[in-house]
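Hi,

Here is the structure I promised to pass on. Please open it beside this email, and then read the notes below.

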Amino acid sequence: MRVGDDFYLATSTFEYLPGIPIYHSTDMENWTQIGNVATRDGQLGVPDAPTNLGVWAPTIRHRDGVFYVIVTDTAGRGTCVFTASDPAGPWSDGVVIDLEGIDPDLAWDDAGTAYVTYSGLVLSGPDIGAHRGIEQVTVDLDTGAVLGAKRSLWSGDGGMFPEAPHLYRHGGFWYLLVAEGGTERGHSVSIARGGAPDGPFTSCPSNPLVTARGTARPVQCTGHGDLVEGPDGRWVVVLLGTRPRGMVRSFSALGRETFATPARWTSDGWLEIDPVELSPRAAFGWEAPLDAAPGPEWIGVRRRPDQVWDNSPRPGWLTLRGQDEGMGALRPVFVGRRQQHQTCEARVVVDAAVGVGGLAVRYDEGLHYEVEASDGVVTARAVIPGFTREASARVPSGAVELVLGSRVPPAEGLGHVSSDLVYLGYVSPDDGQPRVLLEVDGRYLSNETAGSFTGRVFGLYTVSGRVDFQRLKYTGSNQ
């Protein structure tokens, strides 16, 4: 979404809190997270969200000095509209709109009538999961009341799961941009247009406008797009995609990510969208000293990091206190950040003299790898459904630096098959060199293998007692 010369982006967060990060940019290339929408109890039903549910597909908009985020909270409240005068927050508690569907969009006509356009999805009963096509209602945004009858707008051009609608006015038409084909390899973007916000709509003869299906492009599963006029009048579509790796590019360790691609209006009033390409990006890293309150980029599983984060017991360190549950718990004592690169490494100093905890990478509660410290012992562990693999080593008592990383597998035959190898270990106090205790296939923590599709999150956790952490370091590249 554009306001003046500023651009704002909201993304989904599923079972993680705080919910719905807000990013800011002035050039559509460099982005900074400035806040989150859901930072207080009760704004979302995420604390009880099953895996894959929670916050789905927010839309961010602006009108008359007010910022709006409309979103589906699949874990409790349903469709909600949050408002703020500053996109960095704080945001309102949210107004609930009573409709059955997902992926809501918000648009206004000249009279100020608010249109909520969404994917009609049956959310309960014997037909749960059935798609009804793209639907629309008008609403009172102050109360959430639905005004008038629900109407069906369009069902796409034959692809399954028509969803992610966005409604725009451009020139003399109203345009309806949707996703079709499902969010996996058949994902695509299609468009229709009509003379009014409620249609009727006519399909573009060039649909789908963008898709990666049947191609060798490095970004696959492209779809679920939103349209914005970028810098210098250049139009841009922001959309989802995955970056699979392996010999036949079968596994996407980072799940669904956000991409941007150029678009343009044609002389006959339709939209063209370029295929999604990867721009070269330099490797980068960061260091978090952990000696102050968590910034907006930190997330927790079904609870906020500030609910477990404590800097008071030991100045310069982060203390986490365990609740006798590990990374397989519904709400583990865990504070994390998203893995941003396909090849990366994280290190942290851990003092587990009176507790058990360490460094983990998580896909969901059934799929996680961790390297864990207790007094005098480091244990590396890989957990997938029905199987656990472990390796341990004795270390001197006191603080130890733990290491968790991802690397490209060695080529065999025509190339490597998996997305990556994940290694787990510690830095030896004898020579300062890493000691790998366990190296495991990363494909199990991928979009295609896991039951969830939210990507990897790595971070710090405590199982029991008290564990202190200092100096989390991250480096990464996409090689």
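Which side chain meets that of Arg 381 in a salt bridge? That of Glu 372 does, at 3.1 Å from N to O. A salt bridge here is a side-chain nitrogen of Lys or Arg within 4 Å of a carboxyl oxygen of Asp or Glu. Arg 381 and Glu 372 are both buried. Buried means under 20% relative accessible area, exposed means over 50%, and partly exposed lies in between (1.4 Å probe, protein chains only).

Two notes before you go on. This is a predicted model, where local features need pLDDT of at least 70, side-chain atom pairs count only at pLDDT 80 or more, and totals for chains, interfaces and linings use all residues. Residues are numbered from 1 along each chain as its sequence is written, and side-chain values use heavy atoms, with hydrogens and water left out.

Now the wider picture. The structure has 32 salt bridges. One of them joins Arg 337 to Glu 297, at 3.6 Å from N to O. This pair links distant parts of the chain, 40 residues apart. Arg 337 sits in strand β26 (residues 333–338). Glu 297 lies in the loop between β23 (284–288) and β24 (300–301). Strands are DSSP runs (E, at least two residues), numbered from the N terminus. Arg 337 counts as buried, at 15% relative accessibility. Glu 297 is partly exposed, at 30%.

Next, look at Arg 443. Its side chain meets that of Asp 441 in a salt bridge, at 2.8 Å from N to O. Arg 443 is partly exposed, at 24% relative accessibility. There is also a network: salt bridges with shared partners connect Glu 15, Arg 302, Arg 362 and Glu 365.

Best wishes

Note on methods: Helix = DSSP H or I, 4+ residues; strand = E, 2+ residues; numbered from the N terminus.
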